[in-house]
Amino acid sequence: MRNKSSRKRICGWLSIRFTLMFVQLMKTTHLGYMLSACFLLLACSESKHKKVEFDALPLESIKSTVLTIDTLPCNTFFSNPTSIHVLNDSLLFTFDDNRGDKMCHIININQGHIVKSFGEWGKARGEFLYPQGASLFADSLCYIYDFQSRNNVCFSLSNILQGEPGVKDVFTMEDINQEEPRAHRFYKVYPLSQERFIGFGNHPENRIQIFNKSKLLNTYSDFPILDETEENNWSIWGNMACFGVSPDEKHIVITTKIGAAFEILSLNGNQITHSTIRGFYKPEYSIAQGARPTCVIASPNTILGFNALYVTNDEFYTVLVGPDKRYNELLKFNFKGECTHRFCFPDFVKRIKCLTIRNGILWGFIENAKTNEINLIKSKI
């Protein structure tokens, strides 16, 4: 297998050869000028975003705020909440894949109890073998993708709250028409407007898909490179990453849980283009041999990266996770990739599992370092 440096040397040699050919063409025709300029522009744009350069965050120079946290009831009910959404002034929705019976829960935040629970394990219609978290659409429809069965299941929260059957629709990725076979193993699926969906996978030839219930609309397969000597960078950007889409469907944000890198993509209808990429802490990890997909093992001596991603129309929030002193920092970035604010949590917040922000209020699930419980919290932000 050729390493990255060999590829660079070959690409450099080819660039010189092509340039000399274009120079000869330029002597006889104006077309040469045009082709040469186009070639150079494409070469620059192609290589610009491939390699992630790591520069430590200047945290001391970023404006900082210490958050005042309120803990709410339902402390001991949850074990691994991975997503949280605000439905209205009195209801929250969360997904917890470690619950024994049901994985989705609607919480009354005023009275502190579970209003409804749904989403069962099994092989029947609307049941799950290996669910990959829940996404909310228009505050009333919940979509859950199952990694094992490749089913997308839609629940109506309005029906569930009224005591009616919750499963509204089920469709499988195997029924989607496409020009050539592609992997449909996703780690997250988000519903978009006009009955479209965006799936984030972990396949070298199929990183992101946009599809509807009948056909594949677009595929984006470019992976950034974190390490010049490592061929399996796609593993860190796949199953070791967080994904988010802005509500206006203009931006895609992908953050790594190793190395604290992120990539911002632009979304225009069904077209996905690269916008910017940044890295802050050089990752230390090893690759388990023989595993497929490749198993990434993080080093305990490095800052691990970003977690609990939340994307708005104007910016995105992500938690910097790593050594103890870094557990309690929520960072806000603009879509230029600039960190504009730090929000520091109290010491009892050991790890932020998931969060959301609505009307200036942060809601989230955290691991409490003092009690070892999973707490539901809120804070002005």
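Asn 233 is buried, at 4% relative accessible area; buried means under 20%, exposed over 50%, partly exposed in between (1.4 Å probe, protein chains only). The model is predicted, so local features need pLDDT of at least 70 and side-chain atom pairs pLDDT 80 or more, while totals for chains, interfaces and linings use all residues. Residues are numbered from 1 along each chain as its sequence is written, and side-chain values use heavy atoms, without hydrogens and water.

Asn 233 belongs to helix α4 (residues 233-237). Helices (H or I, at least four residues) and strands (E, at least two) are DSSP runs, numbered from the N terminus. Asn 233 and Phe 223 are 10 residues apart along the chain, with 7.4 Å between their C-alpha atoms. Arg 207 lies over the face of Phe 223, 4.9 Å from the ring centre. A charge sits over a ring if NZ of Lys or CZ of Arg is within 6 Å of the ring centre and within 35 degrees of the ring normal.

Now the aromatic pairs. The whole structure holds 24. Rings of Phe, Tyr and Trp (its six-membered ring) pair if their centres lie within 6.5 Å; planes under 30 degrees apart are stacked, over 60 edge-to-face, the rest tilted. Phe 171 and Phe 197 have ring centres 5.2 Å apart and planes at 50 degrees, so this pair is tilted. Phe 171 is in strand β10 (residues 167-172) and Phe 197 in strand β12 (residues 196-203), so the pair ties together parts 26 residues apart in sequence. Both Phe 171 and Phe 197 are buried.

Tyr 190 and Phe 200 pair edge-to-face, at 5.9 Å and 85 degrees. The charged end of Lys 188 sits over the Tyr 190 ring, 5.6 Å from its centre.
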